[in-house]
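Colleague: Please take me through the reading of this structure, one feature at a time. I would like the general idea first and then the case at hand.

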Amino acid sequence: MTTTDLHRLTGAYALHALSDEESASFERHLVGCEACAQETAELSATAARLGLAVTAPVSPALRERVLRRITTVRQETPGTPVRALPVRAGLKARLLSRWALAACLAAAATLGGTTVWQHQQAADARAEARQASRSADEIAAVLAAPDARTRAAELAAGGAGTVVVSHSRDKAVFVVSGMTRPPGGKVYQLWFDDGGTMRSAGLMDPDRSDQTVLLQGGVDRASGMGVTVEPDGGSKQPTTAPIALMTFPG
């Protein structure tokens, strides 16, 4: 595969449409090609935003409309003759109906707690979607900033990483691909390098080998960033040697 061919793979790589062999070749190319690294970061952020679409909320009038239309729905097939039940059969049917109603009420009472739980789960999911949408907007703003600068590097944990910095927005974005999963009970933590003092910049998702992360906090006067392996939940200060140290582009 020629260098010209590799320059054309940014979109396919961002969408994970390459074979393992093609991805490996492109990642080696990405380390030494800042133009491709920046374009890949921008396309990855765009793909992430497209994947954040959420369903529209249900109209408040829907419940009323459904209840109103229920009264117009036939409960029996037209023309079906209604056969009178014997007294004993009729009594048995009424008893069964009461038992069925009691069972339904009991089930409704049991499911009430489940409904509340499901409502809370839905609310949490909507909150997470809103947070993800805000994060995607911030990532896109950094990548599209006129002063955005990129720097790429290979990572000791495998894969390749690219940092994009915008001093006008005081933010940085870390794009990584092919990163190995951390050991059990561990997580990758990001750090700003403030002249040798490491400042936490958030955690990476341990279940994703490819991701685009907005570093938490402002760039301020940080000269670079690092990545370490920390206990689940993160640490106040690095407890292991960095698996990556990257100087911010000027």
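Colleague: Which residues does Thr40 touch, not counting those up to four places away in sequence?

Modeller: Contact here means heavy atoms within 4.5 Å. With residues up to four places away left out, Thr40 touches Thr10, Tyr13, Ala14, Phe26 and Leu30. This is a predicted model, in which local features need pLDDT of at least 70 and side-chain atom pairs count only at pLDDT 80 or more, while totals for chains, interfaces and linings use all residues. Residues are numbered from 1 along each chain as its sequence is written, and side-chain values use heavy atoms, with hydrogens and water left out.

Colleague: Where is Thr40 placed, and is Thr40 buried or exposed?

Modeller: Helices (H or I, at least four residues) and strands (E, at least two) are DSSP runs, numbered from the N terminus. Thr40 belongs to helix α4, residues 34–50. As for accessibility, buried means under 20% relative accessible area, exposed over 50%, and partly exposed in between, with a 1.4 Å probe and protein chains only. Thr40, at 3%, is buried. A polar atom of the Thr40 side chain lies 2.7 Å from the backbone oxygen of Cys36.

Colleague: What is the order of the strands in the open sheet?

Modeller: Two strands pair if DSSP finds at least two bridges between them. The open sheet has four strands in the order β1-β2-β3-β6, with antiparallel pairing. β1 (149–154) and β6 stand at the edges with a single partner strand each, so one side of each has no neighbour in the sheet. From one strand to the next, the twist averages 15 degrees. Helix α3 (residues 20–31) packs on this sheet and touches β1, β2 and β3; its direction makes about 125 degrees with that of β1. For such angles, axes are lines fitted to C-alpha atoms, for helices over the stretch in contact, and the angles run from 0 to 180 degrees between N-to-C directions.

Colleague: How many bridges join the paired strands?

Modeller: There are six between β1 and β2, seven between β2 and β3, and four between β3 (residues 171–177) and β6. Individual partners can be followed across the sheet. Glu154 has Ala160 of β2 as its bridge partner, and Gly161 stands opposite Val176 in β3. Further along, Val175 stands opposite Thr212 in β6, and Val173 opposite Leu214 in β6.

Colleague: Which residues of β2 lie on one side and which on the other?

Modeller: In a regular strand the side chains alternate between the two faces of the sheet. In β2, Ala160, Thr162, Val164 and Ser166 are on one side and Gly161, Val163 and Val165 on the other, all of them buried. Since seven of the seven residues of β2 are buried, the strand is largely enclosed by the rest of the structure. In β6 (residues 211–214), Gln211 and Val213 point one way and Thr212 and Leu214 the other, and all are buried.

Colleague: Which residues have the most contacts inside the largest nonpolar core?

Modeller: In soluble globular proteins, nonpolar side chains tend to be buried together. A nonpolar core is a set of buried Ala, Val, Leu, Ile, Met, Phe, Trp, Tyr and Cys residues joined through side-chain atoms within 4.5 Å. The largest one has 24 residues, and those with the most contacts inside it are Phe174, Leu190, Met204, Met225, Val227 and Phe248. The elements giving two or more residues to this core are β2, β3, β4 (186–194), β7 and β8 (244–247). Beyond its neighbours within four places in sequence, Leu190 has contacts that include Phe174, Met204, Val213, Met225 and Val227.

Colleague: Where is Asp170 found, and what is its phi?

Modeller: Most residues other than glycine have a negative phi, and most peptide bonds are trans. Asp170 is not a glycine, yet has a positive phi of about 60 degrees. Asp170 is found in the loop between β2 (160–166) and β3 and is partly exposed at 32%. Asp220 likewise has a positive phi, of about 55 degrees; its place is the loop between β6 and β7 (224–231), where Asp220 is exposed at 57%.

Colleague: How many salt bridges are there?

Modeller: Side chains of opposite charge can pair when their charged atoms come close. A salt bridge is a side-chain nitrogen of Lys or Arg within 4 Å of a carboxyl oxygen of Asp or Glu, and the count by this rule is two. One joins Arg181 and Asp207 at 2.6 Å, N to O. Arg181 lies in the loop between β3 and β4 and Asp207 in the loop between β5 (197–203) and β6, so the pair ties together parts that are 26 residues apart in sequence. Both Arg181 and Asp207 are exposed. Asp194 and Arg199 also form a salt bridge, with the closest N and O atoms 2.7 Å apart; Asp194 is partly exposed at 28%, and Arg199 is partly exposed at 25%.

Terms used: A polar contact is a pair of N or O atoms within 3.5 Å; within protein, one must be able to donate a hydrogen and the other to accept it, and residues adjacent in sequence count only if both atoms are side-chain atoms.
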